[in-house]
Amino acid sequence: LLVQTWFNSTPLTEDQLLLLLESLDKKMVPQQLKMVSDILAQEEMWLPFNVATSTLSFSQEEQALITAMLEKSGITLQEDGSAHWTEKAFPALAALYASLYILDLLSN
């Protein structure tokens, strides 16, 4: 399965595609879609925000997958559960959201 998504000419990287495939295998796509949607819905996108509560229901392995996916999309996660946007985050997260959305539709 190969999924490529562009948003403002921002393709997903090979690493992101592999993480998506792993998410699909672990049946985590709906939860990740919700998390990315919540992040994109932040009113003050450039202020730090908290993602710790969103990941509490995941195992340690699943949390590591989510962390890798978010970091590859330009989100910097801190040990205290806070997260910070980087310059490339919005287009990369939008591409990730579109991919997760399509995978969620196709897997249902």
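How much accessible surface does the protein have, and what share of it belongs to carbon and sulfur atoms? The accessible surface comes to about 6,500 Å², and 53% of it belongs to carbon and sulfur atoms; areas come from the Shrake-Rupley method with a 1.4 Å probe, and for residues only the protein chains shown count as cover.

This is a predicted model, in which local features need pLDDT of at least 70 and side-chain atom pairs count only at pLDDT 80 or more, while totals for chains, interfaces and linings use all residues. Residues are numbered from 1 along each chain as its sequence is written, and side-chain values use heavy atoms, with hydrogens and water left out.

**Whole chain.** Start with a cartoon view: there are four helices and five strands, in the order β-β-α-α-β-α-β-β-α from the N terminus. Helices (H or I, at least four residues) and strands (E, at least two) are DSSP runs, numbered from the N terminus. Of the 108 residues, 39% count as buried (under 20% relative accessible area; exposed is over 50%, partly exposed in between; 1.4 Å probe, protein chains only). Of the contacts (heavy atoms within 4.5 Å) between residues at least 6 apart in sequence, 65% join residues at least 24 apart.

**Strands.** Select E5, residues 82-85. Strand E3 (residues 49-50) runs antiparallel to E5 and is joined to it by two bridges; here asparagine 50 stands opposite serine 82. Strand E4 (residues 75-77) also pairs with E5 in the antiparallel sense, over three bridges, with leucine 77 opposite alanine 83. Two strands pair if DSSP finds at least two bridges between them. Next, select glycine 81: in the hairpin of E4 and E5, with four residues between the strands, glycine 81 takes a positive phi near 95°.

**Lysine 72.** Move to helix H3 (residues 60-72), where lysine 72 is found. Lysine 72 is partly exposed, at 36% relative accessible area. Leaving aside residues up to four places away in sequence, lysine 72 touches Asp15, Gln16, Leu19 and Lys88. The C-alpha atoms of lysine 72 and aspartate 15 are 7.7 Å apart, although 57 residues separate the two along the chain.

**Helix H4.** Finish at residues 89-107, helix H4, which holds leucine 105. Is leucine 105 buried or exposed? Leucine 105 counts as exposed because its relative accessibility is 53%. Select Tyr101, Ile102 and Leu106 along with Leu105: they form a nonpolar surface patch with about 430 Å² of accessible area together. Patches are made of residues with over 30% relative accessible area and no salt bridge, with like charges joined within 9 Å and nonpolar side chains (Val, Leu, Ile, Met, Phe, Trp, Tyr) within 5 Å; a salt bridge is a side-chain nitrogen of Lys or Arg within 4 Å of a carboxyl oxygen of Asp or Glu.
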